[in-house]
Amino acid sequence: MAIMYPDIPYECTPASREKIMFNALKDLSEEYYVFHSFKIVSIDADVITASETDFVIFHPQKGILCIEAKAGKVKLEGNKWKYANGDEMSHGGPYRQAESGKWRLRDYIKDSGYGYLMNRCKLLHAVWFPSIDSEYISKVNLPTEADRKITLTADSFDNIEEEISAIFDIELPNKVETKLTA
């Protein structure tokens with residue numbers, strides 16, 4: 001069983017399906033640490049910025065994975081991601097939002113004095129559509145910032161550890177491998 005922070009999911013609307021995802025991620029093996037609703041707040045030149053990543057997963061031999069969750073019948077129209085009600089998603093869509101959360105976390109780690117670890121720890125991002133099956137996603141012409149290999153779906157609940165592990169197995173362009181122990 002994974003180590004969860006917090007122990008129970010934060011309050012969220014049932015439509016977000018984050019509680020269901022939280023419980024699925026809890027079933028990861030004990031080497032995993034899962035952070036739900038991970039927030040980073042910073043102040044620069046008296047301007048406050050805040051970001052939130054739905055799930056951050058850490059594994060000491062695999063690295064860090066930032067996951068953005070988008071529940072409901074989301075759709076891609078042109079190059080714009082939209083919710084079922086037709087509203088356009090902010091942050092340039094879920095993949096850009098997940099990637100942004102990843103870079104914010106990297107910067108936070110660097111600013112905290114542990115930047116040297118980023119040369120020894122994989123940092124990845126993914127999107128989880130818990131209400132959409134993989135067959136639907138396979139028919140979507142994903143935009144350039146997206147890839148099916150970093151996409152989890154409703155089908156992922158059945159084999160979440162295998163799919164998370166497959167994302168961690170993706171080779172990064174800078175060839176970073178996770179080696180955090182001496």
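## Asp 54 and its surroundings

Let's start with Asp 54, a residue of strand β3. In this predicted model, Asp 54 touches Glu 18, Phe 35, His 36, Ser 37, Phe 38, Ile 67, Glu 68 and Ala 69, leaving out residues up to four places away in sequence.

Which side chain of opposite charge is nearest to Asp 54? That would be Lys 70, at 5.7 Å. A salt bridge needs the charged atoms within 4 Å, and Asp 54, although buried, has none.

## Strand β4 and its partners

Now look at β4, which runs through residues 63–69. Seven of its seven residues are buried, so the rest of the structure largely encloses this strand.

How do β3 and β4 pair, parallel or antiparallel? They pair in the antiparallel sense, with five bridges, and a hairpin of three residues links β3 to β4. Phe 58 sits opposite Ile 64 of β4. With β7, β4 runs parallel, and six bridges join these two strands. Here you can find Cys 66 opposite His 125 of β7.

A handy thing to know about strands: in a regular one, side chains alternate between the two faces of the sheet.

## The nonpolar cores

Nonpolar side chains tend to be buried together in soluble globular proteins. In this model, the largest nonpolar core has 38 residues. Those with the most contacts inside this core are Leu 25, Leu 28, Ile 57, Leu 65, Ile 67 and Ile 164. Which elements give two or more residues to this core? They are α1 (18–26), β3, β4, α2, β7 and α4 (160–168).

Take Ile 57 as an example. Setting aside neighbours within four places in sequence, Ile 57 is in contact with residues including Leu 25, Leu 28, Tyr 32, Leu 65, Ile 164 and Phe 168. Another core, of nine residues, lies apart from the largest one, and among its members are Ile 40, Val 56, Ile 64 and Leu 105.

## Helix α2 and its buried face

Finally, follow helix α2, residues 94–114. Its buried residues are Pro 94, Tyr 95, Gln 97, Ala 98, Gly 101, Lys 102, Leu 105 and Ile 109.

How values were computed: Residues are numbered from 1 along each chain as its sequence is written. This is a predicted model: local features need pLDDT of at least 70, side-chain atom pairs count only at pLDDT 80 or more; totals for chains, interfaces and linings use all residues. Side-chain values use heavy atoms; hydrogens and water are left out. Buried means under 20% relative accessible area, exposed over 50%, partly exposed in between (1.4 Å probe, protein chains only). Helices (H or I, at least four residues) and strands (E, at least two) are DSSP runs, numbered from the N terminus. Contact means heavy atoms within 4.5 Å. Two strands pair if DSSP finds at least two bridges between them. A nonpolar core is a set of buried Ala, Val, Leu, Ile, Met, Phe, Trp, Tyr and Cys residues joined through side-chain atoms within 4.5 Å. Lys and Arg count as positive and Asp and Glu as negative; His and the chain ends are not counted.
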